[in-house]
Amino acid sequence: MIILGIETSCDETALALIETRENNGVSECKVIASIIHSQAELHSAYGGVFPNLAKREHEKNLIPLFHKLLIEAKEFLPKSSKTADIKSFDKAFRERYEPQNPELVGAFLGANFLNDIPAIDMIAVTEGPGLEPALWVGIVFAEMLSQVWSMPLHAVDHMEGHIVGSLLPSDIANSVWHKLHEVSYPALALLISGGHTEFVSIDNPGSYKVVGATLDDAVGEAFDKSARLLGLSYPGGPHISFLAQKAKDEGVKAPVSLPRPMIHSKDLNFSFSGLKTAVLYATRTAPRDKDGNIDEIWKKGLALELEEAIVETLDRKLRDALEQTGAKTLILGGGVSANRMIREKLSQTSKELGVNILLPSPTITGDNAIMIALACALGGKNADKQKARSLRASGTKRLA
Ligand code: KG4
Ligand code: ZN
């Protein structure tokens with residue numbers, strides 16, 4: 001089965017074509033082509049993702065990126081004998097989609113390359129959660145494409161994408177078959193991203209239950225907002241991580257102690273907003289140079305303390321969650337799972353507790369469309385083929 005994945009929930013415009021198959025009862029996946037176009041640099045001026053700018057950029061870039069994807073995939077993608085007549089959809093698409101997404105609809109209707117239909121079996125698009133104006137660009141594109149190419153459309157939950165992304169092996173080279181990692185159930189996913197921090201308990205493939213979540217900021221937000229207070233650009237997580245590593249290498253000590261939020265509560269919820277406030281207070285008394293910039297050594301020490309506070313908090317909660325769910329496999333997912341200290345600590349804890357840990361390959365920790373296409377493929381196998389299965393209700397349901 002060949003699946004096109006489309007992801008525009010935040011500040012990455014991502015497209016991917018994957019093929020999946022069953023080989024002696026083992027699920028295998030081949031990445032035919034994948035493109036991730038990041039808007040992070042544009043958003044850094046705003047200190048976070050600016051939804052309408054994200055929408056405009058997705059609208060501008062989606063069609064050219066899709067053309068590029070098809071060219072890259074050409075040699076591996078069978079051509080179907082069917083062709084489309086995009087002009088015949090002109091009136092219908094202008095009426096239905098143009099008021100909301102004029103730039104996308106204009107580019108779509110002018111893309112004559114869409115008249116050649118490749119042998120794709122299904123289109124998968126992220127339906128949420130995410131930034132609504134950004135999500136709609138992907139959804140409208142997917143809806144139009146599924147009509148022009150007469151292909152089934154499947155809505156995918158972004159967070160499910162982050163879960164199944166970790167089933168891929170670390171070397172997902174293009175156009176080679178790879179076995180997916182096996183999961184022993186019950187499993188537990190810890191999803192840590194810019195918008196979410198949650199534990200998802202998985203008793204069977206495709207059956208998800210959120211058993212803990214952040215009450216305020218997500219862990220990625222704690223990294224990003226603290227980084228901003230330190231004068232570092234968006235996204236702040238990688239900068240904090242870099243400075244923390246330097247502090248370790250250079251033996252720099254933490255200038256203050258930061259809280260480990262909610263580690264003594266017995267539930268599986270998180271709260272990271274207090275951490276950002278503590279960083280704010282700490283910066284008020286930080287040593288500065290004559291231009292008012294925070295001292296570099298102090299900054300490194302604070303970055304290390306912040307990373308340690310986050311790692312310890314995640315680790316404490318994870319131990320409780322593993323005990324409460326009896327999980328045999330831990331699946332880590334989301335953009336923050338790129339963090340080295342988090343990967344190392346949680347791997348160590350899993351080993352200590354005899355739990356198998358699945359970490360996403362560093363190339364797909366961030367938002368991508370491979371994971372969206374894969375969630376669709378596995379959803380098709382494990383659950384109702386026709387119905388999108390959301391982890392939570394999404395406000396953006398409009399898929400046919
Ligand atoms: O999953 P993702 O790409 O987008 C969302 O769905 O939110 O996650 C983005 C988040 C940002 O907050 C970013 O700062 C964080 O992931 N991040 C990191 C690292 N790399 C990305 N946080 C800590 N350490 C990193 N190495
Ligand atoms: Zn994400």
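This is a conversation about reading features in a predicted model.

Trainee: Before we start, what should I know about this model and its numbering?

Mentor: It is a predicted model, where local features need pLDDT of at least 70 and side-chain atom pairs count only at pLDDT 80 or more, while totals for chains, interfaces and linings use all residues. Residues are numbered from 1 along each chain as its sequence is written, chains are lettered from A and ligands numbered from 1 in the order in which they are written, and side-chain values use heavy atoms, with hydrogens and water left out.

Trainee: Let's begin with charges. How many salt bridges does the structure hold?

Mentor: A salt bridge here is a side-chain nitrogen of Lys or Arg within 4 Å of a carboxyl oxygen of Asp or Glu. The structure holds 20 of them. One of these joins Lys60 to Glu57, with the closest N and O atoms 3.3 Å apart.

Trainee: Where do Lys60 and Glu57 sit?

Mentor: Helices (H or I, at least four residues) and strands (E, at least two) are DSSP runs, numbered from the N terminus. Lys60 and Glu57 are in helix α2 (residues 51–73), and because they are 3 residues apart, about one helical turn separates them. For accessibility, buried means under 20% relative accessible area, exposed over 50%, and partly exposed in between (1.4 Å probe, protein chains only). Lys60 is partly exposed at 44%, whereas Glu57 is buried at 11%.

Trainee: What separates Arg94 and Asp90 in helix α3?

Mentor: About one helical turn: Arg94 and Asp90 are 4 residues apart in helix α3 (residues 90–97). Their salt bridge has its closest N and O atoms 2.9 Å apart. Arg94 is partly exposed at 32% relative accessibility, and Asp90 is partly exposed at 24%.

Trainee: Which parts of the chain does the pair Glu305 and Arg260 tie together?

Mentor: The side chains of Glu305 and Arg260 meet in a salt bridge at 2.8 Å, N to O. Glu305 lies in helix α10 (residues 296–325) and Arg260 in the loop between α8 (236–250) and α9 (273–284), so the pair ties together parts that are 45 residues apart in sequence. Glu305 and Arg260 are both buried. Salt bridges can also link up: Asp217, Glu221, Lys225 and Lys276 form a network of them.

Trainee: Now the metal. Which residues coordinate the zinc ion?

Mentor: Donors are N, O and S atoms within 2.8 Å of the metal (3.2 Å for Na, K and Ca); water is not among the atoms, so sites may look incomplete. The zinc ion (ligand 2) is coordinated by His158 (NE2), His162 (NE2) and Asp367 (OD), at 2.1 to 2.2 Å. Along the chain, the donors follow the spacing H-x3-H-x204-D. His162 lies in helix α6 and Asp367 in the loop between β13 (356–358) and α12 (370–382), so this pair ties together parts that are 205 residues apart in sequence. His162 is buried, with a relative accessible area of 3%, and Asp367 is buried as well, at 12%.

Trainee: And Thr283: is this residue buried or exposed?

Mentor: Thr283, in helix α9, is buried at 5% relative accessibility. Contact means heavy atoms within 4.5 Å. Leaving aside neighbours within four places in sequence, Thr283 is in contact with Leu229, Leu230, Arg288, Ile294 and Trp298.

Trainee: Finally, how should I read the backbone angles?

Mentor: Most residues other than glycine have a negative phi, and most peptide bonds are trans. Here, a cis peptide bond joins Gly128 and Pro129, with omega about -5°. Pro129 is in the loop between β6 (122–128) and α5 (132–148). The bond from Tyr185 to Pro186 is also cis, with omega near 0°, and Pro186 is in the loop between β8 (178–179) and β9 (187–192).

Trainee: Where does Ser150 lie, and what is its phi?

Mentor: Ser150 lies in the loop between α5 and β7 (153–157). Ser150 is not a glycine, yet has a positive phi of about 50°, and counts as exposed at 58% relative accessibility. Met262 is another residue with a positive phi, near 60°. Met262 is in the loop between α8 and α9 and is partly exposed at 24% relative accessibility.
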